[in-house]
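Hello,

Here is the structure I promised to pass on. Please have a look at it first, and then read on for what turned up.

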Amino acid sequence: MSAIGFTPEVTAALIAAVKAVVILLGLVVTAAMLIWVERRLLGLWQDRYGPNRVGWFGLLQVVADMIKIFFKEDWTPPFVDKAAFWIAPMVAMSTFLLAFVLVPVAPGWGVAPDLNIGILLFLALAALAVYAVMLGGWSSNSKYALLGALRSAAQMVSYEVFMGLAVMGVVMKAGSFALSDIVAAQRHGWFILPQFLGFCTFFVAGIAATHRAPFDLPEAEQELAAGYHTEYSGMKFGMFFVAEYVGVVLVSALLATLFLGGWLGPGADRWPLLGFVYFSIKTFFFIMLFILLRAALPRPRYDQVMDGGWKFCLPVTLINLLGTAAFVLARQGG
Amino acid sequence: MEFAFDLSAAVAVIATLLAISSLDPVHALLYLIVSLLAVAMVFFAIGAPFAGILEVIVYAGAIMVLFVFVVMMLNLGRAAVEQERRWLTPRVWAGPAVLALVLLAELLHVLGRMPAAAGIGEGTIGARAVGAALFGPYLLAVELGSMLLLAALVAAFHLGRNE
C-alpha cells in the first residue's frame, strides 16, 4: 500500500473501513437469507415443504421476494404524519445494524470490539429501537397500528430493565464492558455455566427486544392485523421486515459472544478463519433456537407477558446479580 | 475533539429551540430526543463515555419513551396543533425570551472572564471512576436518591393497585 503513497494511518483506516463494509454486507445478506431459512425450517418442523420451487431448494425465493419488494409502490397514505412515518423504518434498521459494531466476529475482526462502553452501547441502541415501533404506530394514524405500538412500548420498556441487569453478571466476571475483554475472560470456561440465570433472562429479553414469537404481541396477526406496520408497504415495510431478522442475528451473535465464548475454540488463535467458523456455528445455533421457539410456542396473553417480566425475570436477575457480586468479591478478598 | 464538541453543542441548542417552538407535540418530543442525544455526544467529546451512554440509556431510551407513550395515548391531533398555534403568539414568548437573553449575556460574560481550563479530550473518565466517586464521596446523596425513588415506587404501586 505504501507504494501508492498512503501514510500508515490512512492504510489502517482504509483496511478498517473495508472490514466494516464486509461485516455489514455479511450481516444484511445473512438477515435476508434467514427469511428463507425460517420458512424452510418452520415447514420441516410442521411436516410440510415450505418454499422449494425457486432455485435450488427454494434458495432464490429471497431474491424473488427482494425484487418484488423493491419494485412495489412505496405508498405513503394521505392520513399519516409524514416525518415520523418516514423516520420509523430507518430507526428500526439502523439501531440494530449499528449495534453489530460491538461484535468480534473472529480474532482481530470486528468494527469496534474494544469500545470501552461496549455492551452498554447495545443497551442504548435497543432502547432507541423502541422509537421505531412507537413512531411507526403513532404516525400511521390507525387503530391497529396504535394498539400494536402501545403494547410494544410497554413490553420493550419492561423487558429492557432486566436485559441490562442480566448482562451485568457477565460484566462483573469479566471486569469490563468491552466485548473483546469478555471473550478473552472466557478462555478458561464459558460464562453460560456460572451465569446460567443471566443467560436465560438475557435470552428471554432478547426475544422480547426483537419482538419475535412468543413475544410478538405488537404484531399479533389474529388480533391486530400486522400491528404497528399495518399501513406500511414497499421498501419501508421491507426495512421493518429485514430489521427483525437483523435483530435476530444480532441477539444470537451477542448470546454466542457473551455466554458461549464468541470465536474461542481449539486452534482459533492460530487460524482466524477457524475462529469465524466457531462464531458462526454458535450464532446459528441460537438463530435455530429462535425459529424453533416460534414453531413450538403459543403466544401468551398480554398480562402474562408483563407479569413474566416484572414478577419473575426481574427478581431472578437481581438474585443472580447479588450472587455474582458476592462471589466475585469473595474471590478477590481471599 | 473540540470540533465534535462544538458541533454537538450547536445541534443540542438548535434541537432544544425547535423542541420549544414546535407546534406538534410528538415532533417537539422528537426534537427533545435529538437534543438529549446531542448532549450525550457532548459527554463523549469531553472524555466521559460512561456518562454519555447513561444519558442515552436513561433519558433518551427510558424517560422519553414514557413521554412519547403518554402523548400517544392523549390522541392529540390537528386540534392540538391549532390550539398551540393560537397560544404561541409573540406577546406570550417575548417577555421570557428577553429575560432569558439577559441571563445568557451574563453567562457569556462570566465564561469569558474565566481562566482557560484544561483542554477537552484530555483523559477519559470511565465507569470505574464514576462508580468510585458515587460510592465514595457522594455515598450519602446516592442513598438519599435511592430512598426517594423507593418512596415513588411504593406510591405508584399503591395508586395502581386494583381494589
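At roughly what angle do the axes of helix 5 of chain A and helix 3 of chain B cross? In this predicted model, the axes of helix 5 (residues 143–174) of chain A and helix 3 (residues 49–74) of chain B cross at roughly 155° and come within 11 Å. Because angles over 145 degrees count as roughly antiparallel, that is how these two helices run relative to each other. The crossing of helix 5 of chain A past helix 3 of chain B is left-handed.

As for the residues that meet there, helix 5 of chain A brings A:Leu146, A:Ala149, A:Leu150, A:Ala153, A:Ala154 and A:Val157, while helix 3 of chain B brings B:Val65, B:Phe69, B:Met72 and B:Met73. By class, this contact has ten nonpolar residues and no polar or charged ones.

A:Arg294 is partly exposed, at 38% relative accessible area, whereas A:Glu38 is buried, at 1%.

A:Arg39 and A:Asp65 also form a salt bridge, at 4.0 Å from N to O. A:Arg39 lies in helix 1 of chain A and A:Asp65 in helix 2 (residues 61–71) of chain A, so the bridge ties together parts 26 residues apart in sequence. Another salt bridge pairs A:Arg301 with A:Asp303, at 3.0 Å from N to O.

Happy exploring!

How values were computed
Residues are numbered from 1 along each chain as its sequence is written. Chains are lettered from A and ligands numbered from 1 in the order in which they are written. This is a predicted model: local features need pLDDT of at least 70, side-chain atom pairs count only at pLDDT 80 or more; totals for chains, interfaces and linings use all residues. Side-chain values use heavy atoms; hydrogens and water are left out. Axes are lines fitted to C-alpha atoms, for helices over the stretch in contact, and angles run from 0 to 180 degrees between N-to-C directions. Helices (H or I, at least four residues) and strands (E, at least two) are DSSP runs, numbered from the N terminus. Angles under 35 degrees count as roughly parallel, over 145 as roughly antiparallel, 65 to 115 as roughly perpendicular and the rest as oblique. A crossing is left-handed if the near helix is turned anticlockwise from the far one by less than a right angle, and right-handed if clockwise. Contact means heavy atoms within 4.5 Å. Ala, Val, Leu, Ile, Met, Phe, Trp, Tyr, Cys and Pro count as nonpolar, Asp, Glu, Lys and Arg as charged, and the others, Gly among them, as polar. Buried means under 20% relative accessible area, exposed over 50%, partly exposed in between (1.4 Å probe, protein chains only). A salt bridge is a side-chain nitrogen of Lys or Arg within 4 Å of a carboxyl oxygen of Asp or Glu.
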